[in-house]
Amino acid sequence: MTGLIANTDLLRKLLVGFVRDEVRKVGVSKVVLGLSGGIDSALVAFIAAEALGPENVHAICMPYKSSNPESEAHARLVAASCGVNFSVVPITAMVDAYFGMFPDADNMRRGNKMARERMTVLFDHSALLRALVLGTSNKTELLLGYGTLYGDMASALNPIGDIYKTQVWQLSAAMGVPKEVIEKQPSADLWAGQTDEEELGFSYRQVDELLYRMVDERLTKPELAAEGFDREFVESIYAKIQNSHFKRRLPVIAKVSNRTIDRDFRYARDWGK
Amino acid sequence: MNFTAVLAQIKPKLGCVADNLSIVEGEIAKAREAGADLIIFPELALSGYFLKDLVPEVALRVDSPEISRLIELSRGISIVIGFVEETDDYHFFNSALYLEDGAIRHLHRKVYLPTYGLFDEQRYLAKGEAFRAFDTKFGRFGILICEDMWHLSASYILAMDGATTLICLSSSPARGIEGDSLGSASAWQKLVSTTAMFLNCRVLYSNRVGFEDGINFWGGSEYIAPSGESIVRGSLFEKDFVTASVDEGALRRERIFSPMIRDENMFVTMQELERIAQKRRR
């Protein structure tokens, strides 16, 4: 599928330019991001280092006690290879203090809490360092809703939110992200042995092929069937997109006035920039 | 006559008319110093593009101090500039002015306001209703604003009205990262080249750069000879100051070599369009 094969030179220029322009126009020179040891945040660190100079990029690894130690090692490797500032802020104490009050909480609640704990660390460092928080969610997970609202989905700017996981792999290779990070199984690393693809029930390559045709090319369901996509798979992905749409929108405001924010009070965020 | 045109590939600030006017004045000074005869700015150079509810706040009347200042500057160099125009009856247009020798020579109001995909112009702006060629010191010109050029009839009308130079002011967003070159850039390059060839006109295309809410404007401002050949092209994504030496001889030779516009039968076109219009009215 040619549509998923990105021109990485062009894409790199666009995304590096995006970070440089959108960060500096608000009068800031630095960014902060969470570095998980996975490929998405690694790629964002590389893009930011190229855009702003590695000295202006602060990467924070935020492990929980059950996180795979390999994740932190990979995060260190990524930071070292693109030269950005690196620190470790464990979230175990905060998360455990909370769940001490709710010991029966399931994995989903715990995973969401961890993601939101990390978000508060990043936004606190945003104030500390006068740095914008970079998002690291790719288009695949944003469309599937495979992320935590106000957790890992929260950021000021997201350079990779319009590229699929398949393209994240391509650009990461082109930009020199360490091989170990590119080649390992994607994982949210919430518990031992968890992998995204096992949890989702399909591979990223498989779903990206479908998402590209369904979202970008707007093929109809019969057209998708004609291209060989399983009907049930198509239906289930369509439902995932629909059911997670709330995560991609601002909170819904009850309209009572003539000018309601984002409804008939409409300005670009770059207003005056 | 031969003349030198500058395509000012600038990066306007969204909603900041005063800042943009000073960018524009800086480019005009630079172009004068370089001995250029004409400087062309992009669409909405004085305001930025994704204005939404800012439209009434950044709008300028043609008798505003800002436009008067540019009219004054046109005594030294001819100027083409895009801005939001406010009229006496409080309509807002995506407009372009051609200023020369201290006077307004032409005002074009964008006719085709894109309202699909990432575009939302008709929500905020009124539609222009004319394509008119006009005389300048450098020959007969026609102005198009961005989407106007994607309508064959617009360039055709200007060529029939005697324009031999088409100026297009643009704020074209970058998209399409699959091919050898940027999708929107290669689409535009085909369009300007084909238009020049079809109409034996030269095209001066001025596009902006920078980002607005994550949307990039790709630049690539370009001078296309009447043969369709790209003579000079500005850089992709970066600010630029593109200098085009426009050769009158090339226009004359092209019109001798491929006299399609001489042979164009406007009356057949009108007769057939009238027939189609009649049919649609029924």
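This briefing walks through chain B of the structure above, with a quick stop at one helix of chain A. The model is predicted, so local features need pLDDT of at least 70 and side-chain atom pairs count only at pLDDT 80 or more, while totals for chains, interfaces and linings use all residues. Residues are numbered from 1 along each chain as its sequence is written, and chains are lettered from A and ligands numbered from 1 in the order in which they are written.

**Chain B overall**
- Chain B has nine helices and 14 strands; these are DSSP runs numbered from the N terminus (helices: H or I, at least four residues; strands: E, at least two).
- With a radius of gyration of 18 Å, close to the 19 Å that the globule rule gives for 282 residues, chain B is as compact as a globular protein of that length. That radius is taken over C-alpha atoms, and the rule is 2.2 Å times the number of residues to the power 0.38.
- Buried residues make up 47% of the 282 in chain B (buried: 20 or more other C-beta atoms lie within 10 Å of the residue's own, with C-beta atoms placed from the backbone).

**The open sheet**
- Six strands of chain B form an open sheet in the order 5-4-3-2-1-14, with mixed pairing; two strands pair if DSSP finds at least two bridges between them.
- At the edges sit strand 5 (103–109) and strand 14 of chain B, each pairing on one side only.
- Strand 1 (residues 3–9) of chain B is mostly covered, with five of its seven residues buried.
- Strand 1 of chain B pairs antiparallel with strand 14 (residues 240–246) of chain B over seven bridges, and B:Phe241 is the bridge partner of B:Ala8.
- Strand 1 of chain B also pairs with strand 2 (residues 38–40) of chain B, in the parallel sense over three bridges; here B:Leu7 stands opposite B:Ile40.
- Strand 4 (residues 92–100) and strand 5 of chain B run antiparallel, joined by six bridges, and B:Leu99 stands opposite B:Ile104.

**A β-α-β unit**
- Strand 1, helix 1 (residues 17–33) and strand 2 of chain B make a right-handed β-α-β unit. Right-handed means that, with the strands pointing away from the viewer, the path from the first strand over the helix to the second runs clockwise.

**A stop in chain A**
- In helix 2 (residues 39–52) of chain A, 13 of the 14 residues are buried, so the helix is largely enclosed by the rest of the structure.
- A:Gly53 follows helix 2 of chain A and has a positive phi, near 85 degrees.

Technical notes
Buried ≥ 20, exposed ≤ 12 C-beta atoms within 10 Å, placed from the backbone.
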